[in-house]
Amino acid sequence: CVAMQLMGSGLFCLHFWMLGSIGGCLMNLIGLCRAVVFLLGDRAHKPAVLGMLMALFLGGSVACVAFSWDSPLVFITCAGQMVGLLGLWSRDSRKLRYAQFFGTSPAWIVYSIINRSWGGFLCEIFNMLSIAVYFVRVKLGRAK
């Protein structure tokens, strides 16, 4: 799963760079670095290391806004990345899905539409549909 995130972030980094959307490119570069950290597994999840990495990634997202100011839309991707980061590091699949559904995906949908990234738009729509199906299945499973 994390290896797929790494590949996806790398490809979307390249995609947004080719579109000239530097903010989206840099935010996906941070996502790529985040996936590398997650591949380290429990070594990166010690409290001291985790706190340092959280600060580094959140600070990196804010720095991307400052260095890649192509429009106010960079704030949207920054907020989406931060919500996603907090969801991922909660290590709770339910919280991660909520963060993705209500934070990360809507932010990237807006950014993708404005920057005419139809691949990014479709990817986030698919993510949201997948999460919606999960919640329906969980709800139906509890009803039985």
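There are 8 aromatic pairs in this structure, a pair being two rings of Phe, Tyr or Trp (its six-membered ring) with centres within 6.5 Å. One of them joins Tyr98 and Phe102, which are stacked (planes under 30 degrees apart), at 6.0 Å centre to centre and 15 degrees between the planes. Keep in mind that this is a predicted model, where local features need pLDDT of at least 70, side-chain atom pairs need 80 or more, and totals for chains, interfaces and linings use all residues. Residues are numbered from 1 along each chain, and side-chain values use heavy atoms, leaving out hydrogens and water.

**Around the rings**
- Tyr98 and Phe102 sit 4 residues apart in helix α5 (residues 93-114), so about one helical turn separates them; helices are DSSP runs of H or I, at least four residues, numbered from the N terminus.
- Ring pairs tie Tyr98, Phe101, Phe102, Tyr134 and Phe135 into a cluster.
- Arg97 lies over the face of Tyr134, 3.7 Å from the ring centre; the cut-offs are CZ of Arg within 6 Å of the centre and within 35 degrees of the ring normal.

**Who lines the largest pocket?**
- α6 (118-143) gives the largest share of the lining of the largest pocket, 8 residues.
- α1 (2-19), α2 (22-39), α4 (73-89) and α5 are among the helices that each supply at least two lining residues.

Terms used
Rings of Phe, Tyr and Trp (its six-membered ring) pair if their centres lie within 6.5 Å; planes under 30 degrees apart count as stacked, over 60 as edge-to-face and the rest as tilted.
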